[in-house]
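I opened my notebook to look up rings and open space in one protein model. Here is the structure I worked from.

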Amino acid sequence: MRSMPDLTLYGDANFESPWGFHVMVALDELGLPYKLVPLKFPIADDIRAELRRHAYLGKSPCLAHGDIWLTESSAISEFLAETYAPPDHPSLLPADRVERARARQVMSWLRTSLGGLREDRPTSSVFKNPVSNPLSDKGRRDADELIRVAGELVPAGRESIASTWSIADADLSLTLMRLVANGEPTVPSRIADYARATWARPSVQKYLSLVPA
Ligand SMILES: N[C@@H](CCC(=O)N[C@@H](CS)C(=O)NCC(=O)O)C(=O)O
């Protein structure tokens, strides 16, 4: 019998971090059990010191895999994808080199852009309480750009960016849900359906079931 991996995730106690979402969905997609240590922000000094001691950065999410501690959500999911790879585990990233590069492009873009949209439509409005305030000019521009890019990335009739679902779809769908869950009328139904398909995955539904009210 294969031994259980020794995995501990230091994650956001409020379940509002898109990066925590990314790692929890990744762990669940791979079928990996883990212990969750919920952190309140700002991170307490003693815990930050412990994270820094092991992972250099005192940030969340931080995954401890035995004595390997990592922060930065996409570094964590890439490490998990390589450590728990097919055929024993589902693939977290596309098998095809070019599709994998595209998935990484999307993940990197979503971590460094669309700040106006993230501010206007925080994850709390997706996971907990929808909002109805109008988008700011920056939020509107970000929303239009997101809709344009998603429309090009996801071919008609497909529920994933690549030929198979990948963890980049979790990130893109969460970003789209900032609009869809708040009733934004300009999201084409094909793109809203794409985001909702990821939302219906057991990994995402499990995450949502853990979000405190
Ligand atoms: N780029 C990082 C973002 C990590 C991050 O900003 N984490 C925040 C919480 S969402 C944090 O740890 N804040 C506490 C701090 O910086 O002191 C990732 O993808 O994991």
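Predicted model: local features only at pLDDT ≥ 70, side-chain atom pairs only at ≥ 80, totals over all residues.

I number residues from 1 along each chain, and side-chain values use heavy atoms, without hydrogens and water.

**Rings.** I counted 7 aromatic pairs. Rings of Phe, Tyr and Trp (its six-membered ring) pair if their centres lie within 6.5 Å; planes under 30 degrees apart are stacked, over 60 edge-to-face, the rest tilted.

I looked up Tyr10 and Trp69. They are stacked, 5.3 Å centre to centre, with 25° between the planes. Tyr10 sits in strand β1 and Trp69 in strand β4, 59 residues apart. Strands are DSSP runs of E, at least two residues; helices are runs of H or I, at least four; both are numbered from the N terminus. Both Tyr10 and Trp69 are buried, meaning under 20% relative accessible area (1.4 Å probe, protein chains only).

Next I checked Phe127 and Tyr207. This pair is tilted: 5.1 Å centre to centre, 50° between the planes. Phe127 lies in helix α6 and Tyr207 in helix α10, so the pair ties together parts 80 residues apart in sequence. Phe127 is buried at 11%, and Tyr207 is buried at 3%.

**Charge.** I found Arg201 over the face of Trp165, 3.9 Å from the ring centre. The rule wants CZ of Arg or NZ of Lys within 6 Å of the centre and within 35 degrees of the ring normal.

Definitions and conventions:
Buried < 20%, exposed > 50% of the residue type's maximum accessible area, 1.4 Å probe, protein only.
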